Amino acid sequence: MTPLVAHLLVAALVFAIGLGGALTRRNAILVLIGIELMLNAANLNLIAFWRYGPHPEALTGMMFAIFSIAVAAAEAAVGLGLVIHIYRHTHTTDLDEMNRMKG
Amino acid sequence: MSVVFYLLSALTVGGALAAVLMKNTVHCVLALTVAFAGLALLFLGLDAQFAGFAQIMVYIGAVAILVVFAILMTKGSETPTEPVHSGSWYVGLAIAAGVFAVLGSVILDSVWGLPNETAVPAVTVRDIGNALVGRYVLPLEVVALLLTAALIGAVIVAMHEKARSK
Amino acid sequence: MMQEGIAFTPQLAASGVTRILWLVPAVPMVAAGMIALMKQPRRKPAAALAIGSLAFSLLVALTAFAHVVTGWAHGQAVRETVNFTWMQVGTSGVDLGWVLDPLSAIMMVMVCFVGLLIFIYSVGYMAHDENFTRYFCFVALFAGAMLGVVISNSLLLLFMCWEIVGLTSYLLIGFWYQKPSAAAAAKKAFITTRVGDIFFLLGMVWLFAQTGTTLFYNHGGGSLEPLALVSLLTQHAGLGLTAAGAIGLLIFCGAAGKSGQVPLHVWLPDAMEGPTPVSALIHAATMVAAGVYLVARVYPLMSAGALTGGTTTALIVVTWVGSITAVFAALIAIGQNDIKRILAYSTVSQLGYMMAGLGLGGVAIGMFHLITHAFFKALLFMGAGSVIHGCHEEQDVRKMGGLKADMPLTFVTYAVGMLALCGVPIFFSGFWSKDAILESAHGWALSQVPYWLLVFGAVLTAFYMTRQVSYVFFGTWRGHKTAHESPAVMTIPLAILAFFAITLGILGTPAWPWFRAFLGNHAAGVEWHAFLEPSWLLLLLSSCVIVTLGIGAAWWLYGNKSPAAEEPDALEKAVPWVWAALRDRLYVDELYGVTVIAFYKWWARVSDWLDRRVWGGIVATVMWTFRGWAQLNRLMDMYWVDGTFDKGCEELATSGGLLARVQTGRVRTYLRILALAVVVLAAILIWSSRG
């Protein structure tokens, strides 16, 4: 097992855990947490490939990861803002009860 | 593989697991923070110092705090009365397991045409800065715009209705 | 003496007076129209218009008459026509026109003169009636139409005026239409004459079809001229008749209806429901005479081809019908108690005489009696009107009596008329005209039965007239209020007519047969020795016997006695069952009621049933078919079309609902599906690239 493969497996595991959390938890904020975990796992993937890839001095992986962090932060802010807004209207963060878009 | 790696991996995975399994939401967030920290250290182990510190600063320093704020504002800190997991949690588990299976099999079955040991890249912050305003200036500007929009958007979305109607 | 062959020289061109002859009927008709269009009925203008128009017509008629007389005196026959085409259909057409010849001239003068006197009389009689102007409108129209009949040269024009005459008769009989009896009488008159008119129409159409023209005289091309008559004689029409005879008989049917011959006489007595001047004018002097005039007009047709015993089948029929009518009506007249009804039946009887005269002796004989009868019958009716007026609208003779003292003028004039009607010899015109008829009947080769019938009729005439006069004028007054004489406007015409009732006889004496000569277009000289001929003396004797018999019998029975109204009649006491039959008008009306009217009622019921059940049923069936069809369509639409359509829509909605279940509205589900899809896709990609 090369270090790359090990890191990739860890990333995959964290990703799977984050996905599982997003798919099972009822609280909206915890779904967002799961999504953050997934993003982080992806970042780990990126850094791992940067480190063990062919041209680390091109900084491509690093840049990608940095931008990913920035975007994730922005998305977390907006998402949580939405959750708060919804909470103000419905007084709940339970996703099961947010089915007004039901067809 | 060094022991540090395994420890750090265990920390990260454990934190992640705790984040998704715990009942109390605040505990989840704290576990998440632990996971973030583990990941940051993993970055440092990969010689991506800037990414690691950026991870700590942004994720732990901002996102996690933000999540805590959100939890507190939505009264998630109270002891939950209903089960935290949805009724059909096994479906989610199965799907997650499937994802992991696929990813894992792909990773393990791939033949990497890469050298096992590579030199540590000599990356300085100056290089990163040069890259940011040089080659990656467009993404930089776009991200700046994005962050501005997100800032304003988040404020507007989360603002009190009464304040907005004035 | 049998057949008066009217040989006229070829016609001259129409003279001035003939060209304006159309004014004679037209002016009274226009006057009637003007009266009808008057906004508010005004009495004086209406009467003035009517009387003035008829006076004008009289002037023109007298001028025309003078023209004809001068022509005759100079030995030139006058028959002038003015013809014009009325309708042109391709090459053939229908012509109308008018004719001036002795027959039409004399008839015109009589109608105008008697009509004028009656108009003047009506001013007094109808003075208290509120429908004064309507009356004068109708009588003026009648006068115009009657004059149209008289001068018409075309059978079609004659028929048109004939119908107008019938219409005005209907209007005038039913003048007081609020009375149901009057309305019924008017209807009866119209329908009965209609029955005769149907045959008239058939005859007219046949004549037109055969000869191609409706004109009587048309410079040799008319239907009564020799050329046409020859062609008609060659056609045979079955029953041993020629076309001429058959057409003549058909036309006679129309005349029989209008002139009240048996069996179409039933309307005349009922026509007494109209005002008395109407009875005088229409049902004594003029309209009923129109039938006789018609037969006289088409006499050449009826007398064409004289076969058996110098006469034709048509004329034989006319003679018999006339004779039977004369006796039949005279019998019924005996048993009547209404003053006007006695006179009505008397009119029917005298019309029978006229027809018999036409059949037996020819145009002149019949027409002479028509002219004299017009005067004295009008006189009698107007006298009766004066009596009714004086007795305060009482019409039952049993409630009158002794009026010769209270109404002397009326009595004298009425007596003159009565004597003329009875045929009292020498001094009264009726004697001369009736005598001429009896003379021709006596000389009829075929049979003497008509002669004896007519003699018997004369006896009956004298009888019932004496009965009437003794009831009305002799004896004691049996009414309620005292009677009074009528005003001058009514008695002066009476006097004038009485004068003519006496003097007209002069025109027909054997010594100076002016009338016959005038109509027959040969010279007439005064021959006093004619009075000494044995045949004539015999006739004079027989007339004296007839008159004495009739008057004597009646005077012996009724005389100066005045039985009360409730007492049975003297004759009734003698022969009660005969009396009952006579009083009930010999049951002719009842016979009609049982046969014709009953059939008609049955037919009406059948038609009603047909209409309601059969035709109505068909219509209803069609309607129900359509309704059923509409219902079927509705059901089809509701269940089939709508059903399928609705079902389809329902299915769509259900499927939509089913599909919508995918949208749970839950984020988690969406995420799961996303993740699952990614996994599946990735797996496929990986293992497909690998494998």
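Let us start with chain C: of its 691 residues, 51% count as buried, where buried means that 20 or more other C-beta atoms, placed from the backbone, lie within 10 Å of a residue's own, exposed means 12 or fewer, and partly exposed is in between. This is a predicted model, in which local features need pLDDT of at least 70 and side-chain atom pairs count only at pLDDT 80 or more, while totals for chains, interfaces and linings use all residues. Residues are numbered from 1 along each chain as its sequence is written, and chains are lettered from A and ligands numbered from 1 in the order in which they are written.

The secondary structure of chain C comes to 27 helices and two strands; helices (H or I, at least four residues) and strands (E, at least two) are DSSP runs, numbered from the N terminus. Among contacts in chain C between residues at least 6 apart in sequence, 78% join residues at least 24 apart. Here, two residues are in contact if their C-beta atoms, placed from the backbone, lie within 7 Å.

The largest nonpolar core has 219 residues. A nonpolar core is a set of buried Ala, Val, Leu, Ile, Met, Phe, Trp, Tyr and Cys residues joined through C-beta atoms within 7 Å. The residues with the most contacts inside this core include A50(C), M108(C), V139(C) and V295(C). Helix α4 of chain C (residues 102-125) supplies the largest share of the core, 18 residues. A second, separate core of 82 residues includes I17(A), I69(A) and V78(A), together with A35(B).

Which residues does V139(C) touch, not counting residues up to four places away in sequence? They are A50(C), F119(C), S122(C), L172(C) and L281(C).

Two packed helices are described by the angle between their axes and the distance between the axes. Helix α12 (residues 287-297) packs with helix α15 (residues 339-361) of chain C at an angle of about 5 degrees, their axes 10 Å apart. That makes α12(C) roughly parallel to α15(C). Axes are lines fitted to C-alpha atoms, for helices over the stretch in contact, and angles run from 0 to 180 degrees between N-to-C directions. Angles under 35 degrees count as roughly parallel, over 145 as roughly antiparallel, 65 to 115 as roughly perpendicular and the rest as oblique. On the α12(C) side the contact is made by V288(C), V292(C), V295(C) and A296(C), and on the α15(C) side by T347(C), L351(C), M354(C), M355(C) and L358(C). By class, this contact has eight nonpolar, one polar and no charged residues; Ala, Val, Leu, Ile, Met, Phe, Trp, Tyr, Cys and Pro count as nonpolar, Asp, Glu, Lys and Arg as charged, and the others, Gly among them, as polar.

The strands of chain C come next. Strand β1 (residues 80-89) and strand β2 (residues 92-100) of chain C pair in the antiparallel sense over nine bridges, pairing being counted when DSSP finds at least two bridges between two strands. T85(C) has D95(C) in β2(C) as its bridge partner. The two strands form a hairpin with two residues between them, and G90(C) in the turn has a positive phi of about 70 degrees.

Another glycine, G71(C), lies in helix α3 (residues 43-73) of chain C. G71(C) is buried, with 21 other C-beta atoms within 10 Å. Leaving aside its neighbours within four places in sequence, G71(C) is in contact with Q76(C) and V78(C).

Finally, let us turn to chain A and its partners. Helix α2 (residues 28-52) and helix α3 (residues 60-90) of chain A have axes that come within 9 Å and cross at roughly 175 degrees. That makes α2(A) roughly antiparallel to α3(A). Between chains, 68 residues of chain B are in contact with 62 residues of chain A. The largest share of the side of chain B that touches chain A, 13 residues, comes from α3(B). By class, that side has 53 nonpolar, 13 polar and two charged residues. Chain A also meets chain C, with 10 residues of chain A in contact with 11 residues of chain C.
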